[in-house]
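Open the model in your viewer and keep the selection panel at hand. We will go stop by stop.

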Amino acid sequence: MIDRTVRVRDFDPVLMLAALALVVFGGLLIYSASLSQVGAPSTDDLSHPVMRQALFATAGLIIALGIASMNYRTLGVLSVGLYIAAIAALAFVLVAGDATYGSRRWIEIAGTPVQPSEIAKLVIIITLAKYLADRQEQIGQLRVVLTSLALAAVPTFLVFAEPDLGSAVIFMAIWFGMVLAAGAKWTHLAGIIGACLVAVPFVFAGLVSDYQRERIALWLEPDKDPLGAGFQSLQAQIGIGSGGIWGKGLTDGGQTQLNYLRTETSDYVFTVLGEELGLIGALILFSLFIILLWRALRAAELSRDLFGRLIATGIVIFILLQTFINVGVNTGLLPVTGIPLPFVSQGGSSLITLFVCLGILQSILMRRRTFTVSSYYDG
Amino acid sequence: MQLTPPGRRRWRSRPKKAQPAEVVRNRSILLRALIVVLFSALVLQLVRLQVFQHDEFDARAESNRLRTVPELPSRGLVYDRNGEQLVENLPIFSAAVVPADVPEDQFLTVVAGLAEITGEDAREVALDIERAVKSDDPYTPVVIKQDIDDETAFILRERQPDLPGAQVLVESIRSYTHGALVSHFLGFVGRIDEEEYADLKSRGYGLNDKLGKAGVEYVYEAMLRGTPGYRQVEIDASGEEVNQVAAVEPKAAGNLVLTLDVDLQRQVERYLREGMGSSLNAAAIVMDVSTGGILSMVSLPTYDNNILTDPVDDEKLQPLYDDPAKPMVNHAISEVHPPGSTFKQVTGTAALQEGVANPSTTITSHGLITVEDEYNPDRTWVMRDWAALGTMDFYRGLAMSSDVYFYYLSGGYYESGAEVFHGLGVDRLSAYARDYGLGSPTGIDLPGEAAGLVPDEEWKLDTFGETGVWTLGDTYNFGIGQGFLTVTPLQLVRVTAAIANGGDLLVPHVLKDVVDEENNVIRAYEREVEREIGISDANLAIMQEALRQAAVYGPANTGASQYVSIAAKTGTAEFGQPLADGTYPNSHGWYTAYAPFEDPEIAVVVFLEQGVGATNAGPVAKRIFDYYFSRGNLVEGDQ
């Protein structure tokens, strides 16, 4: 079914180019970081990290274009099924997933490790957007706000139990941002936040695992155990700090090239940038992110309906917080938690999810001029 | 709504229902603000790290990348004056681990593997590694077990790939070829302790280093250690060396040539051991009177320094600590005793120099003198001589070691309150004693030297308070080397050497030369005179003659040798509780002498914890002189 109100010239090339620039940027950093990896395949091998990333990016781009050509409103129809599938996958990973660095996050599908929490973030955005857009008129009711909170809380607890504190925070932030964007009352939000703050000490005492508590303690004092768990955080700061304003030059970072970093192609890829390309490199990267986020917000504002607006808003919050938490962890601003840097970190699940997000944003943009009656999609 | 630019309104699909949409749009401004705030926070943090803390982190990155591996030169060797080697460096294998190279997730594997291979307790191994991690030097290997056998070393090398951070260290240990015979000269080396490490870290000492803990190993540590070099190597995070960046060759240590004559030492040790009788301990020193060099120094009982040198043999160590004779104490320099009549060398020269006596000063000993108590005229004290020696001039007084003669010289003599002989008095006596170097360490290049005590009025008041008023009896006792005065054998031999060499109070020493590997002298020991003792040549000549006569017809003739003419003085210092008849059952035996009389070469002191100077200490000295002046003419075993 071709939607005749689609206008291809409303496709946003700036959004797409900013994202692709980030992917290319990431590719360079992954290349540099993988030079020192023992037993790494050669660069012309398809299993080399850069080649894999390029393959995922190409696949992502095709998927994005495919999704852009589809009507994003179809997602609303699929949302219930997607939500149930995502919850099931998160539960499954908790029971049967592969553990890395003390936390279960992966399942393997056809030989490829898949991180369901990345995909679940997008599913939550779609689910909340659908739920809130359907109750546009009742958003002032506390019941609606609480129900939406419950929808977000289920996956939050599942990733929290992995344990993946970072993703849990992102789920909650997505919920908060989307409920706020949907027009929820400040009094309701303030009440819920107040209740959460009261609960924090209990959660910390009862639910936060030793693993998370230790990471928070080490974030506060990375020098305390320079060769233990604080190693990563400290080495990342040393790497970034030693990069200075101009950096040591791509492939010339000692911290990176002498393997002082772990996961330097994924969660710690920003450290490679900080060390080798310095503050200047970081500012270029941030500029690309800000352009991308600005254009994504533009899609939210131009959306012809609340559903699209909320999805776009959720995607902005998602990318913004992933970026902030990842760089925050790399720079020692936040406790260590494994969150990939959007578009830059090596990782198929993350990259494909992000390109799907881009496709949805383009779909929203290309369908913004459609005149419809509200009953067409409400209800 | 009023915030919306009117021009945009035409794009709104449902102007009538715009209210919630406007709320949404207004709230999207919040999101833009959040983007700005969060990225600003990141930029601020980056500026902090990359601009303000750049230098600090750059230094840390550099030290991450570059590891300095110290290269120690082989520790210097030690020879006796004739080139006989006294110490060897032997290689041993040790199991070690570099804490920084143990991956966090393999810590337990490495600990368990090392514990299994070395047979050490796993908990201890883990604690050792953790201690090193906390010491801010996690790159220095921590020794888990020293002196592992070849097979264990081989197994550890084999399994190294599975135990990241584990290493076989090739270390060097000291082996003292002459053991107990020269242990008081050489001392020993041991592993650096925490306190020493804190002090010496800045001078390039590492956690695993060894250093001298006693003897010349301690005193000449800097020379024996040499100048450590280092290699600066680039390493990756697992501790593998990637390449060498810079290297500074270690500068070879110096080898020490001691003044010690190990052949002489062997004989002196034997004579002293055979002559010490029931003494708990004994000491003998042979010193070069013109240089102050120590040719031999024996302290008995002694200890085998191979037990103490790292790795320490604890089982054999405990008996050394428990032995009441204190074998690890160098009795020649570290313990003080009253010198007895040997001190008459000092009293005599002081009296000559001060004009209190001259060679023809005649005093008669009836075997005792009586002294009126200064504070209670009804009471008189009896001061005994060792015999009623009759009328004596200065030479005979000293040669026969008359106590009465020296009571007169030191305290004078009073009859019915009137002075009939003017003595030195305590002030002058103590001043001369100090001029002879008594009461303070000699400055020998060995650790642990005692100062001894030269008493005076002020000292006695300070020490005993009201009851400590100095009496004439104190002066008398002082004059014959009894009472409060204490000396070390080394201080005493230095007194005799100063008299023999014409008045130079020498700083005794055990180092002769520092030589390089080709035996070229890098640094020669220079004769050091602490001071002139302040006795005129004429007066020294009188004392020399008196000492000569003592060795000919006085009690000191027990030390006379058929091979050489000697000048000598005995001493028998009573100690402990007197018997009912006023005599003492316990006495230290002293003998101090120099030879040849005509052209002095060496001075000798013999100290026996239990004994009489003439009967016990003298014969030991005789055998030393016999050996020293006849060797080369004699076949070993003739003594």
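In which order do the 4 strands of the open, mixed sheet in chain B run? The order is β2-β10-β20-β21. Helices (H or I, at least four residues) and strands (E, at least two) are DSSP runs, numbered from the N terminus. Two strands pair if DSSP finds at least two bridges between them.

A word on conventions. This is a predicted model, where local features need pLDDT of at least 70, side-chain atom pairs count only at pLDDT 80 or more, and totals for chains, interfaces and linings use all residues. Residues are numbered from 1 along each chain as its sequence is written, while chains are lettered from A and ligands numbered from 1 in the order in which they are written.

Stop 1: Select residues 78-79 and 521-524 of chain B. β2(B) pairs with β10(B) in the parallel sense, over 2 bridges. Tyr79(B) is opposite Val257(B) of β10(B). β20(B) and β21(B) are antiparallel, with 3 bridges. One bridge puts Val515(B) with Val521(B) in β21(B). The two strands make a hairpin with 5 residues between them. Click Asn519(B) in the turn: its phi is positive, about 65°.

**Stop 2: the antiparallel sheet.** Next, show the open sheet β4-β3-β5 of chain B, 3 strands with antiparallel pairing. Its edges are β4 (142-148) and β5 (166-176), which pair on one side only. On average, neighbouring strands here are turned by 40° against each other, direction ignored. Axes are lines fitted to C-alpha atoms, for helices over the stretch in contact, and angles run from 0 to 180 degrees between N-to-C directions. Strand β3(B), residues 87-97, is joined to β5(B) by 11 bridges. Find Val87(B); its bridge partner in β5(B) is Tyr176(B).

Which helices lie across β3, β4 and β5 of chain B? Select α3(B), residues 107-118: this helix lies across the three strands at about 135° to β3(B). Then select α5(B), residues 150-159, which also lies across β3, β4 and β5, at about 155° to β5(B).

**Stop 3: helix α10 of chain B.** Select residues 262-275. At 1.5 Å times one less than its number of residues, this 14-residue helix should span 20 Å, and its end C-alpha atoms are 20 Å apart, which agrees. Colour the buried residues (20 or more other C-beta atoms within 10 Å of their own, C-beta atoms being placed from the backbone). Among them are Val262(B), Leu264(B), Val268(B), Glu269(B) and Leu272(B). Their cover includes β11 (282-288), β12 (294-300), β25 (602-608) and α21 (613-630) of chain B. After the helix comes Gly277(B), with a positive phi near 55°.

**Stop 4: a helix pair in chain A.** Select α4(A), residues 116-134, and α5(A), residues 142-160. They pack at about 170°, with axes 10 Å apart. That makes them roughly antiparallel (over 145 degrees). On α4(A), contact residues (C-beta atoms, placed from the backbone, within 7 Å) include Ile124(A), Leu128(A) and Tyr131(A). On α5(A), they include Leu151(A), Pro155(A) and Val159(A). The contact divides into 9 nonpolar (Ala, Val, Leu, Ile, Met, Phe, Trp, Tyr, Cys and Pro), 3 polar (the others, Gly among them) and no charged residues (Asp, Glu, Lys and Arg).

**Last view.** Zoom out to chain B. It has 21 helices and 25 strands. Of its 639 residues, 47% are buried.

How values were computed:
Contact = placed C-beta atoms within 7 Å. Parallel < 35°, antiparallel > 145°, perpendicular 65-115°, else oblique. Buried ≥ 20, exposed ≤ 12 C-beta atoms within 10 Å, placed from the backbone.
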